[in-house]
Amino acid sequence: MSSLLSNQGVPSIINRLRGANNEGVLLLVLVALVLTIGILNPVFFSVSTLFSVLRGAIVPLIFALGVLIVMISGGIDVSFAAIAIFASYTTVVIAQDRGTDPGLIVIILMALFFGVVLGTFNGIVIARFRLPTLIVTLGTMSLFKGLLLAYVGSKYIANLPPSMDSLSTEYVMSIPQEQGTANLNVLVIPVALIAVLVWWILSRTMFGRSIYAIGGDQEAARRAGFPVVRTQLMIYILAGSLAALAGVLHLILGRAANPQDLVGNELDVLAAVVLGGASVFGGRGSVFGTVLGVLLIQIINNSLILAGVPTAWQQTAVGVLLIVGVGIQAISAKRSSKKLVVTKTLQEQS
Amino acid sequence: MSSENTETRTLALANSRLDATVRGLIGRAQGHGSTVRMLVILVASFAFFTALQPAIFLNPVNLQNIAVASPEIGVISIAMMLAMLTGGIDLSLVAIANLSAITITTLYSQLALTDPEAASQAMPFIVLLGIVVGLVAGAFNGFLISRLGITPILATLGTMQIYNGIAIVWTGGSTLYGAPEALTAIGDVGLLNVPSLFIMLLLIAGGVGLFLKSTSLGRKALLLGTNPVAAKYSGINSRNVLMNVYVLGGGLGGLAGILFLVRNPTASAEYGSSYVLLAIVIAVLGGTNPAGGFATVWGVVLATITLQVVFSGFTAMRLSAYEYSLTQGLILIAVMVIDQLSAQRRQNRGLGKRKPLFSRKERNSA
């Protein structure tokens, strides 16, 4: 009990550094991990490692931002990978059928169209019928993937339209190294812009605040006059479009279109968002935390091998990290609720 | 031809006996409509594919295949149903089953290398160890969920990664051979042409049904899922109930691992990767309320068989696995939408009280 009481005097500056969703703690973990890997293997501290981690984070970050929006609203979306591959692969198939390269803008618009359509389907089923989001999106994941493979195509497409293909070797920065050059792909710029855009939507617009309100308490949000059904529909449309965009970027970076791709790797993205401080009960989460979470998972997946950990342990490492992360959150949530009771009773006594 | 006919007839006889038993059980299931509905869907889909492709579909080999393929996913779905019954979910079940199968295979094949005699003597214990692995894995899930208070979906998402990761490290990503021959031999036996695997599924389902209906823990789990707050105030130790439910689920997962080996004497970390989704589809289709409180074991068993019937029907009609995946998703969403619409209609008629379909806050406070 005494330890709980002494906590009352914690300076507010520490609380501020910690961040609303423990972003500060996550940042510390990330720095510690980077330092540990770097000390175990100095090769890690190089520009090329940094660039390859950033390149690897491009697609997961866009996915994660979509998942974040859904999670803040109190839902869980696992259909994003299926939407991404459906939208991007179908777009490439259509472009191939026409024979001419429609240009990057048309390709992205086409993919976004499919993303909006599939996202709308998710949104209608979830918002109109008030069904559990995890199970609905598990169902639509299976549905979208089945539609794609059965009716659009199941072939691996090796040659993308030139406008997409050329982008994979456009660099925003090239730094010569001892061996070859370290290149930073140009796609990090649009991804950074999208992250800022999502931050702006979430924190500066009425729509963004209503996402938090719905996630905090749906019934309260409804009574306060938020258009719950319309907002939910918009959330899933937005998540669908983000997923479609991520799908196109994934094809560009991979320089091929494989319809069997992406689906099955959803868990890394979910883990990143949860580690980033978003609550599965909704109402909490931030873009900054999500960026940190994605980087953390990326470093584990790409660079743990540099620290001498075999790749076979990657999956276990992500699992352990997820359990530790949410475990700490759960315990501190429990403790703070107890603390509230303790301080209340103490106040009553005095 | 005539022998095939008699075989079909005996199967049909066994089927009708089974139906009678099931119907008897339904009668006692407090007027729960989902089992009856599931039975109607099963009969309808059976009739549908029989009408379309009688020669292929009614072939005894095909019927046997349905009966042999159902049990492993059936047991996993029953375990999934138990977790959903308390308002949770268990994504780690397939990983647990694989871990159990890998443990049994590794231990047995290593012992058989040095001393085949001792290996065959120790076989029952090694097989039991598979269940122990499941119980331990389930206990870890239960610890995270009931003691630390981690949300079931996140806890089991993490442990799924961990268990599956351990399996990958252990097997090096390859498929293991050398499961106990005795297990495979059991799989070849049958009673009245009903494969032993299918009988095992019925026994396990019966056991879990009895557990839910007649044990204090089972009743508590049901109450906890229906209304966590009421359960708390009626003095139910929800932490212990949750713990036990996840341990039991893990044990069933371990049992499913044994069924994997009975059906197919190989073990790998990758086996049954599509089963996680399938188990959720089956549990919901079988009348389990994902928010907790409602579930019937026999509904889940019937849903398992129905999906196998649809799958083999699709194969008989030369439709692809992709079209099956599509149908699975459609069925899941359609069933939930229909359930929700009929619940709304009941509510409008004023027959049923308003009950939130998926109240996260309530579950969290449990």
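Me: What share of the 366 residues in chain B is buried, and what makes a residue count as buried?

Reply: In this predicted model, buried residues make up 48% of the 366 residues in chain B. For chain A, with 350 residues, the share is 45%.

Me: Which elements make up the two chains?

Reply: Chain B has 16 helices and two strands. Chain A has 15 helices and two strands.

Me: How do you know whether chain A agrees with a compact globule?

Reply: The test is the radius of gyration, for which a compact globule of 350 residues would have a value near 20 Å. Chain A has 22 Å, which agrees. Along its principal axes, the C-alpha trace of chain A spans about 80 × 55 × 35 Å.

Me: Why are strand 1 and strand 2 of chain A called paired?

Reply: Pairing requires at least two bridges, and strand 1 (residues 171-176) and strand 2 (residues 181-185) of chain A have five, so the term applies. The sense is antiparallel, and A:Ser174 stands opposite A:Asn183 in strand 2. Four residues lie between the strands of this hairpin, where A:Gly180 takes a positive phi near 70 degrees.

Me: What makes the phi of A:Arg130 worth noting, and is the residue called buried or partly exposed?

Reply: Most residues other than glycine have a negative phi. A:Arg130 is not a glycine, yet its phi is positive, at about 50 degrees. The residue lies in the loop between helix 6 and helix 7 of chain A. A:Arg130 has 16 other C-beta atoms within 10 Å; buried would require 20 or more and exposed 12 or fewer, so A:Arg130 is partly exposed.

Me: Where is A:Arg255, and what is its phi?

Reply: A:Arg255 is in the loop between helix 12 (228-254) and helix 13 of chain A, and its phi is also positive, near 55 degrees. With 14 other C-beta atoms within 10 Å, A:Arg255 is partly exposed.

Me: How many residues of the two chains are in contact, and which helix of chain A gives the most?

Reply: 38 residues of chain A are in contact with 40 residues of chain B. Helix 6 (104-129), helix 7 (133-152), helix 13 (266-275) and helix 15 (314-349) of chain A each supply at least two residues of the side that touches chain B. Helix 7 gives the most, with 13 residues. By class, this side of chain A has 26 nonpolar, nine polar and three charged residues.

Me: How do you know that the span of helix 15 of chain B is close to the expected one, and what covers its buried residues?

Reply: Helix 15 (residues 321-348) of chain B has 28 residues and reaches 40 Å from its first C-alpha to its last, against 40 Å expected at 1.5 Å a residue. Its buried residues include B:Tyr324, B:Leu326 and B:Ile331. Among what covers them are helix 6 and helix 7 of chain A, together with helix 13 (275-285) and helix 14 (297-316) of chain B.

Technical notes:
Residues are numbered from 1 along each chain as its sequence is written. Chains are lettered from A and ligands numbered from 1 in the order in which they are written. This is a predicted model: local features need pLDDT of at least 70, side-chain atom pairs count only at pLDDT 80 or more; totals for chains, interfaces and linings use all residues. Two residues are in contact if their C-beta atoms, placed from the backbone, lie within 7 Å. Ala, Val, Leu, Ile, Met, Phe, Trp, Tyr, Cys and Pro count as nonpolar, Asp, Glu, Lys and Arg as charged, and the others, Gly among them, as polar. The radius of gyration is taken over C-alpha atoms; the globule rule is 2.2 Å times the number of residues to the power 0.38. The expected span of a helix is 1.5 Å times one less than its number of residues.
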